[in-house]
Amino acid sequence: MTPKKETKKIDVAKGFEELEGIADWFESGDGGLDEGLKKFERAMALADALKTRLDEAENTIREIKKRFNVTNEE
Amino acid sequence: MNQNAGGVQRKTVSHPGPSWCTIIMDMRIFQVSEFIETINLVLREMWQGEEIGVEGEVSGFRVSQGQWVSFDLKDGQALVNVFLPVWNLRVPVEDGIRVRAIGIPRIYPKYGKFSLSAERIELVGEGAMKKALALLRSRLEKEGLFDPMRKRPLPRFPERIALVASRESAAYGDFIRVLKERWGGLHVDVYHVLVQGERAPQAITSAIQAAQEGEYDALVMTRGGGSMEELMAFNDEQVVRAIHGSRIPTLVAIGHERDLTLAEEAADVRGSTPTDCARRLVPDRRDVQYELATHIGDIEQAMMSQVHGSRAALSHAVAAPSLWLAAQRSQLVQAASACTGGVRQWLRSMSERLQSTSRLLASLDPKAVLERGYAIVRDASGAAVTSVASIRVGSEVTVRLKKGSFDSNVTKTYDT
């Protein structure tokens, strides 16, 4: 699997929506094998992109906190 | 006796005869007005300028034309009329109370009526004084002079004070001493007055009125204890009205706690004693210092708790993105695992379908029938023979067994 074009600028909310849609598709059952495989690959790519996005966000939050000298939570 | 006064005409008639006759005949003839005038003169001169007062019980008290007061003064045996202008009446009088009327006895020429022309009226005895006081009090109360709704508060930190008191009195000393003990830097103007006696009410009234001209934060009037009579100046109607009319807030303390004068009742604030008066006028600097310190403490505490609150809100806000992120992460994990779980389930159901179809197909395979000893008969064209009707005796058929096949000639047919 190497379709890593989505990492940048993925819309997190839409990404989640699509990912959950795919999960529903599998749960409801019938569909072609090829279609299923394609969907699964798409799902994995989406999950990866979302994870990357969240990691980035976490890093950004950490950097901003450091920049403003905010000691960690609570 | 001055017999020449008032134009007295003297006429002596002399008769011849014994000397006593001259006495009898020694007659003075007056005109009526001259007579009255002479009598009045005589009455006036009688006590050589000494004041005279007549005591008795008041009856038939009345005021005519709003200017003239007239009543009878009587005891068990006698009665005398008393007459005076209303402005000379400085004490409340009604029928039944005992008074002392001070003035000159005279006959009113026009009606020839004998009366005591009074310069002033004094109340006699505590009973009368109390009665009169109660009378005045109820009149002034009806007028609204003691109305609690009219009372003004004193400023908490007065700076300029008008003090109406006797500079020689202990009350004055006490008041000033306690004032200085409690609070400093006050400007006190003393309006020195007589605080008892006949001239006191006028002096006090004038002092209150004079103080109105000054810029004061409070007008204080005080005197120490004394008998009811000694305190009467502070029950004087004019004094009470002056206090009531003061544009400066008033604080009055007369006598002891138990003494309550009308001036105190009319005042905005009443002090029970001169010392209490000072206490009511200014706060104690120690109390104020303490209060100030307490306030500062309170403010500090309030600010601290506000800072704490803000800090908590801030850290909450700072933590929010991280919490949000964590929630997103768990949502991601859930969605991704739903996908992987779903795909596994989906594959399993597909292979299950495959297996059952295969089983079905296996059961339909004709080879499986040959296994059990059945054979397939085909004609020369290769079609399966299922009835004797489609073959003839002498024709050739091919028989297929589980293992191998052979050709055969039909020698005979049977229907069953």
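Strand E1 (residues 52-64) of chain B and strand E4 (residues 98-108) of chain B are antiparallel partners joined by six bridges. Strands count as paired if DSSP finds at least two bridges between them; strands (E, at least two residues) and helices (H or I, at least four) are DSSP runs numbered from the N terminus. B:Val54 has B:Ala101 in E4(B) as its bridge partner.

The model is predicted, with pLDDT of at least 70 needed for local features and 80 or more for side-chain atom pairs, while totals for chains, interfaces and linings use all residues. Residues are numbered from 1 along each chain as its sequence is written, and chains are lettered from A and ligands numbered from 1 in the order in which they are written.

In chain B, five strands form a closed barrel with mixed pairing, ordered E1-E2-E3-E5-E4. From one strand to the next the twist averages 50 degrees.

Helix H4 (residues 170-182) of chain B packs on helix H8 (residues 274-281) of chain B at about 30 degrees, the axes being 8 Å apart. Axes are lines fitted to C-alpha atoms, for helices over the stretch in contact, and angles run from 0 to 180 degrees between N-to-C directions. Among the residues of H4(B) that meet H8(B) are B:Phe175 and B:Val178.

Chain A also touches chain B: 24 residues of chain A are in contact with 20 residues of chain B, contact meaning C-beta atoms, placed from the backbone, within 7 Å. H2(A) gives the most to this side of chain A, with 12 residues.

Methods
Contact = placed C-beta atoms within 7 Å.
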